[in-house]
Amino acid sequence: VANTSQMEKGRDRFPFPYQPYDIQEQFMQSLYSALDQGKVGIFESPTGTGKSLSLICGALSWLSDYEERRRQEAAALLQEGEAALSVSTAQSSTPSSSAEPDWITDFVQKKAERDLVTKLKDELKRKKREERLEMIRNNVQLKYAMKRKSCEDDEAFKLLQLSKEDQSETQGDQEDEELIIAEYESDDESKSKSSEIFGCSQIYYCSRTHSQLAQFVHEVQKSPFSKDISLVTLGSRQNLCINEEVRRLGSIQRINDRCMEMQKNKHGEKKQHHEEGVKRKRGPAKSVCPYNKALALQQMRDEVLGTVHDIEQLLKLGRETHSCPYYATRLAIPPAQLVVLPYQMVLHEATRKATGVQLKGQVLIIDEAHNLSDTLSCIHSAELTGTQLCRAHSQLSQYADRYKSRLKAKNLMYIKQILFVIEGLVRVLGGECKVGQNPQSQTTQTGTEMLTINNFLFKAQIDNINLFKVLQKYFEKSMISRKVSVRMYSSINASFRHCVSFLCVPLCAVASADQQGSVEAEKVLSASPMMQVEGFFMALTNSNTDGRVVVHRQGTLSEGSVKFLLLNPAVHFAQVLKECRAVIIAGGTMQPVSDFKQELLFSAGVGDERIAEFSCGHVIPPENILPLVLCSGPSGQELDFTFQNRDSPRMMDETGRILSNICNVVPGGVVCFFPSYEYSRQIISHWEANGALARLANKKKIFQEPKKANQVEQVLSEFSRCIQRCALDSSGLTGALLFSVVGGKMSEGINFSDDLGRCVVMVGMPYPNIKSPELQEKMSYMDKHLPHSGGRSPGQALIENLCMKAVNQSIGRAIRHRGDYSSIVLCDRRYSRPATLSKLPTWIKDRTSTYTNFGPAFAALRKVRIKSKPTAAALLCLHYCTR
């Protein structure tokens, strides 16, 4: 049993599925302390050191102790309140000798009674929640569901309605109300209701990809907390929908549109059913989703809370119970103790609101956070093409014309303002919004222009429009983006010809589209752009100093684009840091931490006293890793892969000789990373011409990173099988060689464990394109707003950091567990610079040797020997996730 003093001191022991390493115990102790003190923690733990399990056991141990402390405090307060109330009652029953009027005494007494009642209610709600979860875990949820009161039966249905229905003054007329989507919206009202029923302390865990989230959930299932924790995994409709009619639409936007239309149909049927005397309209029955039933959603919610499920298990459960996993998981958010979700759902404020995520006073863990700054910038950036702008203008114009007799004057005014802004954006691209004209036929001058937000508004002549008011008073309350989107989809189903006209496509294209069938139709019938327009409007409401607008003109209006570039990600992260009780930012490597803190934390107003840092080494023995810097090749050619030198035939020939020597002595798999796709194609073509590629193929079978993401799995499987075969037969091949690209599909999230990655070769330094207008603007912004340090400007530091972050992610693909071993070869003399070496992870940097000559480096590589014969299972153990 935890108490206040124990919480302050922390824990000495943590529940763990096995005897933890020392660094895991240190990790959990530091994590526990950071959560209890409400810190912003930066935790660095290399992959293979059990980071996920340490996060789980450390955080859930704190949550368990924290909940116990709350229970003890609640019991103590109730006891004190009852004693105070009894004293007050006794005093009021005797004549008062004080000068206080009776009404003051009565008021104080009644206030004490009200406070006591409130505390009792809170305690009863907590007990009720715990009892419900216990009953669910004991597999009596079906029996429990049948015994619910009728008022509670309506709970899920109410949560699935738009909370804004009662705001009739902002909803427009009756026709507008019929277009409202009957979708769960977590506004203030429904949030308060949910928290009243289910309120509990929560931990939100987010990561980059769904496969990483699934791995985390699997770790929870293996942990000592698997039977006691209520966990829900969130995802998009694209990941959680089980309605095959909707799933086969493919794109996430079209899936969203179709789902919302089906709910609108259901909402319309319910409304018509409850209205007496309304004559049923003729026409075909509108389809509704058979998986969106209130009782079924409740039952699935209970099962989700009773047992830990990953995404695949949620899909299976949804099909078994014939209920929608997407909405069932959203209903499960308020009572869940651990919420697992992707980055975007928690880092974007509008998405948090729509999903029902409440960070106030809760704990947030951001894993795989090495690219957190870039992720925030990407999430809050927005881009619109000329085609999207013209289609949005056409759709909204037709919507206004169709319902102008039913829309209120105020709503028509906002629609006209939106159309005016869209026309201004099109003018900036050099075109015009013309009815029925294909934007591909409008020619524009080619060029790129970078503007501040204010200058862009002036250039587009829309500076007189209050975008804040348009967003808050109309986009949010009327949900015009969804209405137009749903109406568009209905028009698609009703008439393909009407849809082609509706999407601002020339009528002459109808015949050809009809003839070419569904494939071409899919290209024409892409998702509504009104959502993107709303997102761009929102981006333009950022502070003038925090962002820029890039105008790209590409010769035709359709190819041109306007893009908002966020320069200050801290402005959006600040709200997250302010709301949360504690924020944990974790990753395999968080170097350089000083720049990370400056850009994201100090700029967001976080003081140094609130920041806690933890970094640990790897669990592997020192002799299991051989990182080395090569300054020259076998022929003595200096390795300098700068942009000016790397294209020379001598440099490419020397790189081929280095790889050939490595493949001669390193068994199993060798993974070679190039700085870009362009250089990869160039150097491989050169090797094909001079025979170097054929010589490499005599030692190891060669694989290349595929162009398409859906081909990654196949290439990796063949790579794994080849290494297994070479280890078991006498074909002469010693394994396989995989050519990949830094920042590509195989440089992050893929594990080349054991024989799959006995050596990782990094060719050159993958610096970003310094000529990029976006990068130049980012550097300029940082030089102006961030302090200089170490004789370098923040812009120069950004370039170096982006390069080394990419390097660290790539070279970390090999060492994946305690018994693993590998060599890392950094081919470029620039890696030997102290400032560059300092940006490597500590556990790699401390073991790195620099070789000016190739001979001693090659001798060190020859000493690496297979320590134990790998099993077939180990050879086939390839964990991957596609980007």
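At what angle do helix α14 and helix α15 pack, and how far apart are their axes? That is point 2; some ground rules come before it.

1. Ground rules. This is a predicted model, so to speak of local features I need pLDDT of at least 70, and side-chain atom pairs count only at pLDDT 80 or more, while totals for chains, interfaces and linings use all residues. Residues are numbered from 1 along each chain as its sequence is written, and side-chain values use heavy atoms, with hydrogens and water left out.

2. The α14/α15 pair. Helix α14 (residues 294-306) packs against helix α15 (residues 311-321) at about 145°, and the axes are 11 Å apart. Axes here are lines fitted to C-alpha atoms, for helices over the stretch in contact, with angles running from 0 to 180 degrees between N-to-C directions. Helices (H or I, at least four residues) and strands (E, at least two) are DSSP runs, numbered from the N terminus. On the α14 side the meeting residues are Ala296, Met300, Glu303 and Val304; on the α15 side they are Leu314, Leu317, Gly318 and Thr321. By type, that contact splits into 5 nonpolar, 2 polar and 1 charged. For the bookkeeping, Ala, Val, Leu, Ile, Met, Phe, Trp, Tyr, Cys and Pro count as nonpolar, Asp, Glu, Lys and Arg as charged, and the others, Gly among them, as polar.

3. The whole chain. DSSP gives 40 helices and 18 strands. Of the 883 residues, 54% are buried (under 20% relative accessible area; exposed is over 50%, partly exposed in between, with a 1.4 Å probe and protein chains only). Take the contacts (heavy atoms within 4.5 Å) between residues at least 6 apart in sequence: 80% of them join residues at least 24 apart.

4. Cores. The largest nonpolar core holds 61 residues, and Ile366, Leu372, Phe573 and Ile585 have the most contacts inside it. A second, separate core has 45 residues, including Ala392 and Phe564. A core here is a set of buried Ala, Val, Leu, Ile, Met, Phe, Trp, Tyr and Cys residues joined through side-chain atoms within 4.5 Å. Beyond four places in sequence, Ile366 touches Leu372, Phe573 and Ile585, among others.

5. Helix α29. Phe573 turns up again in α29 (residues 570-579), where Ala570, Phe573, Val576 and Leu577 are buried. Down the helix axis these buried residues fall within an arc of 110°, so they line one face of α29. The arc is that of the directions from the helix axis to the C-beta atoms.

6. Helix α30. Of the 9 residues in α30 (residues 593-601), 7 are buried.

7. Two glutamines in loops. Is Gln442 buried or exposed? Gln442 sits in the loop between α21 (409-428) and β7 (447-452) and is buried at 9% relative accessible area. Its contacts beyond four places in sequence include Glu432, Gln437 and Thr556. Gln358, in the loop between α18 (349-355) and β5 (363-366), is partly exposed at 29%.

8. Pro627. This proline lies in strand β12 (residues 625-630) and is buried, at 1% relative accessible area. Its C-alpha atom is 6.0 Å from that of Val825, 198 residues apart along the chain. Beyond four places in sequence, Pro627 touches Ile824, Ile844, Arg847, Thr848 and Ser849.
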